[in-house]
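Please read the points below with the sequence and the structure side by side.

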Amino acid sequence: MADKDINRIIADTFLKMADTLETGAEAPRAVIALTALGSEHGEDELYQAAAMAAKQGIRVKVIGTKPSNYPGVETVSVSSEEEGHKELENLLTSGSAQGGVTMHYPFPIGVSTVGRVITPAKGKAMYIATTTGTSALDRVEGLVRNALYGIATAKACGVAEPTVGLLNIDGARQVEIQLQRLQNSGYPIRLATSGRSDGGAIMRGNDLLMGSCDVMVTDSLTGNILMKLFSSYNTGGNYESVGYGYGPGMGENFDKLILIVSRASGAPVVKGAIEFAAELVRGDYQRVFAMELKAAKQAGLDAVLAGCRAQKQTGDPAEAVVQPPKEVVTAEIHGIEILDLEDAVQTLWKENIYAESGMGCTGPVILLAKSKMEAARCILRDKGYIGE
């Protein structure tokens with residue numbers, strides 16, 4: 001057993017003993033480290049957040065330059081942000097803290113953060129997967145991974161069967177197809193239904209406000225913008241006042257619980273992030289993530305991800321296709337990814353089916369004669385442009 005593992009076990013044992021002596025309870029309270037340097041609102045704002053979290057029974061170690069005047073809040077003294085991040089690593093490696101909340105962390109490729117917001121329409125919590133970091137270099141693969149990261153995070157926080165929605169962005173339709181493949185192969189994913197009348201798992205702006213799903217899948221750049229909007233729409237943007245921050249870094253072979261907040265995050269959001277971290281510790285998030293990944297791999301995740309990467313790597317020159325005779329187009333086929341739309345039209349032309357590309361209110365559509373609908377759907381389904 002490695003020295004760092006021994007140190008972590010010893011530290012965990014002493015924490016459990018201390019909690020039992022202090023409270024009489026056998027379950028230990030989580031210890032969460034918080035870096036205080038770098039906030040646009042000053043260190044005191046972060047100390048206030050730590051004090052608020054401590055009142056909820058969470059042990060907080062603030063890494064900063066000032067002594068703590070708050071009960072339940074310990075200070076780990078540093079003189080710079082760089083020193084503060086080194087101390088955060090030390091606390092996590094030694095087991096003196098089970099999780100950390102910080103304003104910046106260099107996550108490796110394959111790791112991205114799952115944020116949590118409060119949706120305004122019904123006051124419901126919703127997980128945004130993801131908000132910082134890069135899950136994969138291929139866009140569709142990254143979004144599929146984001147869905148798994150979001151599901152694991154929600155389950156670790158007590159959502160037994162989280163519903164998953166896909167924000168209507170580039171790649172969403174292909175992700176839907178890949179998730180349906182996993183679902184059909186036995187992975188127990190619950191796709192959400194849009195609150196709009198046409199339903200479906202592709203979520204619109206209205207669904208963000210309504211909280212139509214437990215986990216909203218998007219790319220991290222879009223997710224980052226959403227987090228800022230949800231957390232500061234009442235304050236004008238310079239003070240994040242609502243929610244739980246940008247969330248934990250999730251990914252394979254990443255064993256540290258690091259949650260991100262913004263330099264603009266105020267005490268309420270930082271407090272929420274500390275509580276979020278404690279929930280994940282209590283929910284044994286690493287075990288939940290490992291189980292989720294195992295179930296997905298048993299349903300063919302590796303093949304699905306390999307297919308995502310290979311889909312756009314063909315270097316064959318484009319084949320000239322003759323347009324069939326024009327027909328009156330009154331029917332629509334939805335669910336085509338915008339980047340695949342013209343290729344899908346060409347595919348139908350090869351089969352002597354006249355089709356046109358268009359844009360409906362829910363996204364890209366293929367227009368064609370009603371009599372050709374069934375044949376066209378079969379062709380597009382076989383070629384992987386649409387799902388079942």
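1. At 22% relative accessibility, Lys372 counts as partly exposed, a term for values between buried (under 20% relative accessible area) and exposed (over 50%), with a 1.4 Å probe and protein chains only. The model is predicted, so local features need pLDDT of at least 70 and side-chain atom pairs count only at pLDDT 80 or more, while totals for chains, interfaces and linings use all residues. Residues are numbered from 1 along each chain as its sequence is written, and side-chain values use heavy atoms, with hydrogens and water left out.

2. The side chain of Lys372 meets that of Glu327 in a salt bridge at 2.9 Å, N to O (a side-chain nitrogen of Lys or Arg within 4 Å of a carboxyl oxygen of Asp or Glu). Glu327 lies in the loop between α10 and β13 and Lys372 in the loop between β15 and α12, so the pair ties together parts that are 45 residues apart in sequence. Helices (H or I, at least four residues) and strands (E, at least two) are DSSP runs, numbered from the N terminus.

3. Lys124 and Asp214 form another salt bridge, with their closest N and O atoms 3.5 Å apart. This pair links distant parts of the chain, Lys124 being in strand β6 and Asp214 in the loop between α6 and β10, 90 residues apart. Lys124 is partly exposed, at 28%, whereas Asp214 is buried, at 16%.

4. After α4 comes Gly158, whose phi is positive, near 100°.
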